[in-house]
Amino acid sequence: MNGFVKLIHDITPPKHLKLMEVCGTHTVSIFRGGIKSLLPKEITLISGPGCPVCVTSVKDIDAAISLSMTPGVILVTFGDMMHVPGGDRMSLYKAKAQGACTEVVYCPLDALKIATDNGSSKVVFFATGFETTSPSIAATIEEAGDRGIGNFYVYSSHKLVPPALSALMSSPAVDIDGFILPGHVSAIIGKEPYEFLASDYAKPGVITGFSTDDILMGIYMLLLQISDKKAEIQIQYTKVVRPEGNPKAISKIHKYFDVSDTYWRGIGQIPQSGLILKDEYSQCDAKKRFSIEIDHCNPESNACMCGDVLRGLKSPPECALFGKGCKPENPVGACMVSSEGSCAAYYRYGGAADG
C-alpha cells in the first residue's frame, strides 16, 4: 500500500482535484481503509449516486409498503430496503410491525422458494439495484417460467449507472475531475458505456476494485491521466472486469427488460435510466398485476440534502440534519439508511456531530 501512496504523492496535481467514487461500496472501503488521510491535500474524494438503496424513490418505497399490506401478498426484498423511509417516515420494517407480510432474502432465487412454499399467496419481489443485480432477477423470472410458478411477481425499481453519470455531467453545478468507476457494475457492462465521459466531457475514469490497494492504484491511474492531459476509460480491476463485460448477462437483461425513464431519489427524473419488464412478461409484473395507488410523487424532506450529496455537490456533514435529526437508527434521508450510503459511512467512520 505504501508504494501506491508514494506514487500518488510523487505526482503534483495541476490544481485541486475532485474525484468521484461512484459506487457506495467504494465509499465504505475508502473510509475503512483511511484512504482520504493518505492522499495529498489537493485531492478530494466525493461520493456519487451508486448506492441502490439511496436512490430508490419514495414513491417506490410506498408502493412496496402498500403491496406488503395487501391481503394475500408476501412482499420479499433485500434487508437494506426494510429500513428505508418512505412517505411519512414509514418503512417496510415499521409496516411489518403493524402486520404487513414481508420477508428478507439474500438472493432472488430465495424469493422463488418462498413462492413455491406458499402456493396460496402472491409473492412480490421488490427488485432494486443496478446492472449488478438485474441479470439475476431476469434469471429468476426465467426460472419461474420454466417451473410453471404462477404466483411470483416482480416490482422492478432497477436503475442504470451510465445514464445517471450523464445526467450529472450535464449539470453546470457539478465539478468533477475524474471518476473511480464501479467494479461490480462494470463486470456486467464492461467499459464502453462509460466512454462518453472521456469523449464528450474530457473526464478520465478508472474501473476499480474494492481493496485499499485497488482504490489507491485506481486513483494513481487517474492522476497519471490528468497529469498527461489524457481522458480515457481504463480498467484497474482486470481480474474481474473485461472490456466487453459479460455478454451473457447483458443478453439476459435485454431479454426481460426494456429501458425507461425513472425517478432517482434526491436527483429526479433521469431519461432512459431504469428497467421495466417487457410486455410479454406482464403476467409477473407487479406494477400491472396489482392496483397500487400512491397519492404523492416526491414527498422527500425539504431539509434533507441527500440529493446534493448524491450529486457530489455537498458532503454529508454540510447537511443540518446530519448526526442530529438524521442518524442510522432514525434516518431521514436514504443516504443514512444503507451501509453503503455516504451519510452512513461518514457517520460511522468520519465522526458525527454531537446531539
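Tutor: Let us begin with Thr208, which, leaving aside its neighbours within four places in sequence, is in contact (heavy atoms within 4.5 Å) with His26, Ile180, Leu181, Pro182, Gly183, Asp214, Ile215, Gly218, Gln236 and Tyr237. This is a predicted model, in which local features need pLDDT of at least 70 and side-chain atom pairs count only at pLDDT 80 or more, while totals for chains, interfaces and linings use all residues. Residues are numbered from 1 along each chain as its sequence is written, and side-chain values use heavy atoms, with hydrogens and water left out.

Student: Why is Thr208 called buried?

Tutor: Buried means under 20% relative accessible area, with over 50% called exposed and the range in between partly exposed (1.4 Å probe, protein chains only). Thr208 has a relative accessible area of 0%, and is therefore buried. Its place is in the loop between strand 8 (205-207) and helix 12, where helices (H or I, at least four residues) and strands (E, at least two) are DSSP runs numbered from the N terminus.

Student: What makes Ser134 count as buried?

Tutor: The value for Ser134 is 0% relative accessibility, so Ser134 counts as buried too. Ser134 lies in helix 8 (residues 134-147) and, leaving aside its neighbours within four places in sequence, is in contact with His158, Ile253, Phe257 and Leu275.

Student: Why is helix 1 called roughly parallel to helix 12?

Tutor: The axes of helix 1 (residues 2-10) and helix 12 (residues 212-227) come within 9 Å and cross at roughly 20°. Angles under 35 degrees count as roughly parallel, over 145 as roughly antiparallel, 65 to 115 as roughly perpendicular and the rest as oblique; the crossing angle therefore makes helix 1 roughly parallel to helix 12. Axes here are lines fitted to C-alpha atoms, for helices over the stretch in contact, and angles run from 0 to 180 degrees between N-to-C directions. The contact is made by Phe4, Val5, Leu7 and Ile8 of helix 1 and Asp213, Leu216, Met217, Ile219, Tyr220 and Leu223 of helix 12.

Student: How do you know that strand 1 and strand 7 pair?

Tutor: Two strands pair if DSSP finds at least two bridges between them. Strand 1 (residues 17-23) and strand 7 (residues 178-181) have three bridges, in the parallel sense, and Met20 stands opposite Phe179 in strand 7.

Student: What order do the strands of the open sheet have?

Tutor: The open sheet of five strands has the order 2-1-7-8-9, with parallel pairing. Strand 2 (43-50) and strand 9 (233-235) each have a single partner strand, so they stand at the edges.
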